[in-house]
Amino acid sequence: LSLSLSLSQTFDKILIANRGEIACRVIKTCKKMGIKTVAVHSDVDSSAVHVKMADEAICVGPAPTNKSYLNMDAIMNAIRTTGAQAVHPGYGFLSENKEFAKRLNAEGVTFIGPDTHAIQAMGDKIESKLIAKAAKVNTIPGFDGVVKTADEAVQIAQDIGYPVMIKASAGGGGKGMRIAWNEEETREGFRFSSQEAASSFGDDRLLIEKYIDNPRHIEIQVLADKHGNALWLNERECSIQRRNQKVVEEAPSTFLDGETRRAMGEQAVQLAKAVQYSSAGTVEFLVDSGKNFYFLEMNTRLQVEHPITECITGLDLVEQMIRVAKGYHLHLKQEDIPINGWAIESRVYAEDPYKSFGLPSIGRLSQYQEPLNLSKVRVDSGIQEGSDISIYYDPMISKLVTYGASRAEALSRMEEALDNYVIRGVTHNIPLLREIISHPRFISGDISTNFLPEVYPDGFKGHQLDANQRRELLASAAALHVSAQLRSQNVEVDGGQVEVCSSWNLASPLLPLTINGTECMMQFRVRVLSRLASQLNSHMPEKVPEDTSSILRSPMPGTVVAVSVKPGDTVAEGQEICVIEAMKMQNSLAAAKQAKVKSVHCKSGETVGEGDLLVELE
């Protein structure tokens, strides 16, 4: 009773300055605590799930983020209009913006996060590294300073020794980060990182440091109050990444022993105390094969992957953030923090995994069914059937979390959950997620941040069926086809009998089958032809593949940021032709051969769709 009484005495009304799954996640805890909620939204998000979940909703501008979710004036007006006493910023957007925190403070509104000093100190990678060194936290060798020119970047890189990582000094995540192995790549990385840093963070300063080859990315969750108390809530293993952004995370890590875990946790707390940190925060480390760990950065906000920590500790981190923001002491001690079981998170994205392990896909969810019929499954999402995945925002569909008493149980449940997840209307990355979690290297815990390029050096090609699996798939498709008419279920494929049994509902997207005595879950998008149709099909003209060396098409929907060529120019193989920006990430498109530019079909500032013709070469 006393706990629920203290919870009801936090805030009457909280505004959530975010969208999508994290806004929904915060609203759920507010509802549990009896706090009224205010959603903010752009005009295209007016019927979004977070808007429907909140008690009130205010439109803060048009679709582009700088005119809505980053529009501080409009958000401050929404706070005044609704009388919200506190703001939860979620992650991304304004969550690590010290100016926003200052403006809230000036109006007597509580920012549910750390104070501006900690945001400033940890948000600047140069300053944070100096503070970490002073707090006796292990750091990576590098250059602590501002890099102004490409020549200067090359000199610094040579002094440190290749390979080096070039990244934005402000802001977190994989954006504005490039790895350079030589002078040419350093110059290119300097230019790209500067541009991305300026467009994402409005701050084009850079940091250059030694790149630790083949590391693990392991982070420590910290929680601190305003009274000098700080705890570490164990680690999260986040090594499965593409383009420096996380794809699969788990807690705990298979790699850490108790001693290393404690050393990392204690250093994370030392850093938090050094900046008088309060709220939930995350200290990210790179860990090499010898279990040496190095400070990477501190995120002064709630992390995307926080649910796996909640699963193994039993804590609600959003609830803890709200209590700390109100001024309560932590009611826990370090010895109260358990590791109960194992949790795994798969980030489900509207992305094409067959292109660079995931280039954004847009569209409407024509069919959407989360696997919540399974036990020990949690889905954090902010969309529903009929929702649009748009070009303006992050392409995440949901965070799929499974947990169990052991890692084997959590992995088995993840396989089941991915197989039972129905997403139609957009291209998604579930085939890639399914392959990762069942790969022998992942199962054995032999992973690093290079896992994807090492396991799939030629890119992800999808699950490769062996002869038996192919027979079973064909048999199941044929049985399904026939059952619509005859309910016949014995099928012969390539001369062999395959028994397919099911009590399937032909209207359901999920089909539970028993194939030769083994139970499995299938989703079908297969066309079965009659013998006559198959014979006639062989006479259809084949589509001749396009000469991709002479024609450059956009690999995804986005905005043209730069066009580097004009008709008549001669380009070398690998030379940059144009840059497309989609969902806050820049992608450089290069010439596949040396040739003369025949025609250019795009210009800077133009919006293009996937497959649109950009440039033709002779």
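## Helix α6 and its surroundings

In this predicted model, helix α6 spans residues 116-123, and its buried residues are A118, I119, A121 and M122. These buried residues pack against several elements: α5 (98-106), β5 (110-111), α7 (125-134), α10 (258-274) and β14.

## The α6-α7 contact

Two packed helices are described by the angle between their axes and the distance between the axes. For α6 and α7, the axes come within 5 Å and cross at roughly 100°. Angles of 65 to 115 degrees count as roughly perpendicular, so α6 is roughly perpendicular to α7.

On the α6 side, the contact is made by Q120, A121, M122 and G123, and on the α7 side by K125, E127, S128 and I131. Sorted by class, this contact has 3 nonpolar, 3 polar and 2 charged residues. A121 and M122, which take part in the contact with α7, are among the buried residues of α6.

## The open sheet

An open sheet is formed by 8 strands with antiparallel pairing, in the order β14-β13-β10-β11-β12-β15-β22-β20. The edges are β14 (293-299) and β20 (377-381); each has a single partner strand, so one side of each is left without a neighbour in the sheet. From one strand to the next, the twist averages 25°.

Within the sheet, β12 (residues 245-251) and β15 (residues 342-349) run antiparallel and are joined by 4 bridges.

## Nonpolar cores

The largest nonpolar core has 37 residues. Those with the most contacts inside this core are I397, L400, Y421, I423, I436 and F442. Elements giving two or more residues to the core are the strands β12, β15, β20 and β22, together with the helices α13 (407-419), α14 (430-437) and α16 (451-455).

Which residues is I397 in contact with, leaving aside its neighbours within four places in sequence? They are V348, Y349, A350, Y368, S381, G382, I383, I389, Y421, I423, V426 and H428.

A second, separate core has 36 residues, including A23, C24, A86 and V324.

Key: Residues are numbered from 1 along each chain as its sequence is written. This is a predicted model: local features need pLDDT of at least 70, side-chain atom pairs count only at pLDDT 80 or more; totals for chains, interfaces and linings use all residues. Side-chain values use heavy atoms; hydrogens and water are left out. Two strands pair if DSSP finds at least two bridges between them. Axes are lines fitted to C-alpha atoms, for helices over the stretch in contact, and angles run from 0 to 180 degrees between N-to-C directions. Buried means under 20% relative accessible area, exposed over 50%, partly exposed in between (1.4 Å probe, protein chains only). Contact means heavy atoms within 4.5 Å. A nonpolar core is a set of buried Ala, Val, Leu, Ile, Met, Phe, Trp, Tyr and Cys residues joined through side-chain atoms within 4.5 Å. Angles under 35 degrees count as roughly parallel, over 145 as roughly antiparallel, 65 to 115 as roughly perpendicular and the rest as oblique. Ala, Val, Leu, Ile, Met, Phe, Trp, Tyr, Cys and Pro count as nonpolar, Asp, Glu, Lys and Arg as charged, and the others, Gly among them, as polar.
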